[in-house]
Amino acid sequence: MRVLLIGANGYLGRFVADRLLADPAVQLTALGRGDDADVRFDLASGSPGALTRFLDAVHPGVVINCAGATRGGARELTRHNTVAVATVCEALRRSGCGARLVQIGCGAEYGPSQPGSSTAEDAVPRPGGPYGVSKLAATELVLGSGLDAVVLRVFSPAGPGTPAGSPLGRLAEALRRAMQANDGELKLGGLGVQRDFIDVRDVARAVHAASLSAAQGVINIGSGRAVRLRDAAAVLARVAGYSGSLHELDGPPGPSMRSAIGHPRPEPDHAAPVAYPYPDGCGSWQQADVRTARDRLGWRPRINLEESLADIWMEAACRI
């Protein structure tokens with residue numbers, strides 16, 4: 001099976017590539033903007049015609065799109081998350097390869113949900129920020145393309161390689177700095193949020209399963225369990241052997257809490273106050289209903305959050 005992987009050098013893409021390379025039946029070609037890609041191509045600026053010619057030459061049976069942006073302004077997010085996917089869909093429509101498309105979506109497309117509830121694929125998406133909007137637009141393009149396609153809505157990925165700018169990445173970095181300075185008290189903010197964390201290696205398994213399946217439409221990929229960020233912080237502290245105390249800063253999340261764990265500092269060229277109560281636009285609670293992944297992909301999560309956090313800490317500890 002010939003597979004074209006777009007975004008192989010990204011956080012999710014690296015683990016998807018490893019998973020596919022472990023399958024002797026897969027012939028993998030990586031397309032991306034980096035020098036380490038087999039073929040260099042920028043989806044956000046490249047033409048559908050150029051991509052079509054490449055598809056006709058390689059003739060993949062499956063195209064997996066892990067490319068995209070998680071940070072930046074609305075224009076940048078739209079360019080990398082929506083326009084790029086429009087290019088992929090148009091190129092596949094023009095090509096004679098007849099490839100199946102596996103698109104990586106995001107739980108942020110749903111937006112806020114009712115605390116205590118599990119979000120199923122038939123929920124009406126109401127993204128609360130520009131990132132979720134850009135990813136939802138991409139999903140709608142894929143679903144309306146007429147292609148043999150499936151969208152995997154990945155909730156909150158965790159594990160090795162977790163970006164330093166993510167909530168768990170910032171949490172590990174704050175803990176590392178506290179231990180390095182022998183600080184007996186770690187002050188953190190924004191820990192009331194609850195998210196559905198899923199290990200990135202389990203995500204890679206889901207992508208592999210989706211590429212082999214005939215499933216179409218939207219499929220949630222998560223653990224099926226919401227975890228409060230303060231509980232994740234306590235586990236991470238235990239894994240790290242931190243003997244100090246965790247002190248949660250008071251006050252609701254918002255512009256005054258931008259430097260707190262759950263709330264990223266804005267980019268220098270986007271210094272305006274945070275427009276949404278939570279940066280991912282998902283409110284205080286998010287939990288996936290993952291029954292569709294089980295039924296249609298034969299997939300279940302295998303790696304628990306403690307193992308994911310241990311791997312995050314292992315990487316952070318190497319910087320001490």
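**Helices α1 and α6**

I started with a crossing: α1 and α6 cross in the right-handed sense. A crossing is right-handed if the near helix is turned clockwise from the far one by less than a right angle, and left-handed if anticlockwise. This is a predicted model, in which local features need pLDDT of at least 70, side-chain atom pairs count only at pLDDT 80 or more, and totals for chains, interfaces and linings use all residues. Residues are numbered from 1 along each chain as its sequence is written, and side-chain values use heavy atoms, with hydrogens and water left out.

I looked up the geometry next. The axes of α1 and α6 come within 8 Å and cross at roughly 60 degrees. The two helices are therefore oblique to each other. Axes are lines fitted to C-alpha atoms, for helices over the stretch in contact, with angles from 0 to 180 degrees between N-to-C directions. Under 35 degrees counts as roughly parallel, over 145 as roughly antiparallel, 65 to 115 as roughly perpendicular, and the rest as oblique. Helices (H or I, at least four residues) and strands (E, at least two) are DSSP runs, numbered from the N terminus.

Which residues make the contact (heavy atoms within 4.5 Å)? From α1 I listed Tyr 11, Leu 12, Phe 15, Val 16, Arg 19 and Leu 20. From α6 I listed Val 200, Arg 201, Val 203, Ala 204, Arg 205, Val 207 and His 208. By class I get nine nonpolar, one polar and three charged residues. Ala, Val, Leu, Ile, Met, Phe, Trp, Tyr, Cys and Pro count as nonpolar, Asp, Glu, Lys and Arg as charged, and the others, Gly among them, as polar.

I then checked burial in α1. Its buried residues are Tyr 11, Leu 12, Gly 13, Phe 15, Val 16, Ala 17 and Leu 20. Buried means under 20% relative accessible area, exposed over 50%, partly exposed in between (1.4 Å probe, protein chains only). Their cover includes β1, β2, β4, β5, β7 and α6.

**Pro 160**

I found Pro 160 in the loop between β7 and α5. Its relative accessible area is 13%, so Pro 160 is buried. Beyond four places in sequence, Pro 160 touches Tyr 11, Phe 15, Asp 199, Val 200, Arg 201, Asp 311 and Glu 315. Glu 315 is 155 residues away in sequence, yet 7.3 Å away C-alpha to C-alpha.

**The cores**

A nonpolar core is a set of buried Ala, Val, Leu, Ile, Met, Phe, Trp, Tyr and Cys residues joined through side-chain atoms within 4.5 Å. The largest has 33 residues, and Ile 64, Leu 152, Ile 221 and Leu 297 touch the most other members. Which element gives the largest share? I found α6, with seven residues. A second, separate core has 28 residues, including Phe 41, Leu 55, Ala 84 and Cys 97.

**Helices α7 and α9**

Here I read axes within 9 Å, crossing at roughly 60 degrees. This crossing is right-handed. Among the contact residues are Leu 236 of α7 and Trp 313 of α9. The contact divides into eight nonpolar, no polar and two charged residues.

**Positive phi**

I logged His 59, with phi near 55 degrees, in the loop between α2 and β4. At 41% relative accessibility, His 59 is partly exposed. Asn 182 also has phi near 55 degrees. Asn 182 lies in the loop between α5 and β8 and is exposed at 72%.

Key
Contact = heavy atoms within 4.5 Å.
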